[in-house]
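Open the model in your viewer and keep the selection tool at hand. Each stop below says what to select and what is there.

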Amino acid sequence: MVICSGCNSTLRRPLPTIGKPFIYSPCSIGNNEGHILILLGNSLQEAGIRTSGVDIQKFLGEAVAAYREALTVYTKAELPQDWAMTQNNLGNVLGNQGTRTGGEAGTRLLAEAVQAYREALTVYTKAELPQDW
């Protein structure tokens, strides 16, 4: 559950469990579900990178789930740049997961990372966003 420490509102969608409620700052974030999901994904990915043992995959898997949930908020049709940023973040965490996973499972995760990056590039084009090139 994600709870705003200012107004105690919660996000409408369930989030990956991280052991305790995720508290975010008061409504200054604007109750933007996609933004909160991105912050959660970023934090979980960082936790996965900094930890060891079985918790690595737990945190990275939860980061993947958070980014995928953010993609339901940031749709390509409505918010293409946010959607592309989320695809890029998803590619990053899938790449981290893939390099830490052996065998076919690791190869599959790396292929998913490549696909996420390719999806992001459908929006991040030189013609549409020359300032990012």
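**Start at helix 4**

Helix 4 packs its buried residues against helix 3. This is a predicted model, in which local features need pLDDT of at least 70 and side-chain atom pairs count only at pLDDT 80 or more, while totals for chains, interfaces and linings use all residues. Residues are numbered from 1 along each chain as its sequence is written, and side-chain values use heavy atoms, with hydrogens and water left out.

Select residues 103–121 to see helix 4. Helices are DSSP runs of H or I with at least four residues, strands are runs of E with at least two, and both are numbered from the N terminus. Helix 4 has 19 residues and reaches 28 Å from its first C-alpha to its last, close to the expected 27 Å. That expected span is 1.5 Å times one less than the number of residues.

Now colour Gly106, Leu109, Ala113, Ala116 and Ala120, which are buried. Buried means under 20% relative accessible area, exposed means over 50%, and partly exposed lies in between (1.4 Å probe, protein chains only). Look down the axis of helix 4: the buried residues fall within an arc of 75°, so they line one face of the helix. The arc is taken from the directions from the helix axis to the C-beta atoms. Turn to the other side of helix 4, where Gly103, Glu104, Thr107, Arg118 and Leu121 are exposed.

Is Gly91 buried or exposed? Gly91 is buried, because its relative accessible area is 0%. Beyond its neighbours within four places in sequence, Gly91 contacts Ala113, Ala116 and Tyr117. Contact means heavy atoms within 4.5 Å. Next, draw a distance from the C-alpha of Gly91 to that of Val114: the two are 23 residues apart along the chain and separated by 6.6 Å.

Select Trp83. Leaving out residues up to four places away in sequence, Trp83 touches Leu71, Tyr74, Thr75, Lys76, Glu119, Thr122 and Val123.

Which residues of the largest nonpolar core touch the most other members? They are Tyr67, Trp83, Leu90, Val93 and Leu94, in a core of 26 residues. Such a core is a set of buried Ala, Val, Leu, Ile, Met, Phe, Trp, Tyr and Cys residues joined through side-chain atoms within 4.5 Å. Helix 1, helix 2, helix 3 and helix 4 each give two or more residues to this core. The largest share, 10 residues, comes from helix 2.

Select residues 55–73 for helix 2. Its end C-alpha atoms are 27 Å apart, which agrees with the 27 Å that its 19 residues should span. Buried residues here include Phe59, Leu60, Ala63, Tyr67 and Leu71. The buried residues of helix 2 pack against helix 1 and helix 3.

**Finish at helix 1**

Select Gln45, in helix 1 (residues 33–50). Gln45 counts as buried because its relative accessibility is 10%. Aside from neighbours within four places in sequence, Gln45 is in contact with Leu60, Ala63, Tyr67, Asn92, Val93 and Asn96.

**Zoom out**

Show the whole chain. The protein has 4 helices and 2 strands, running β-β-α-α-α-α from the N terminus on. Of its 133 residues, 38% count as buried.
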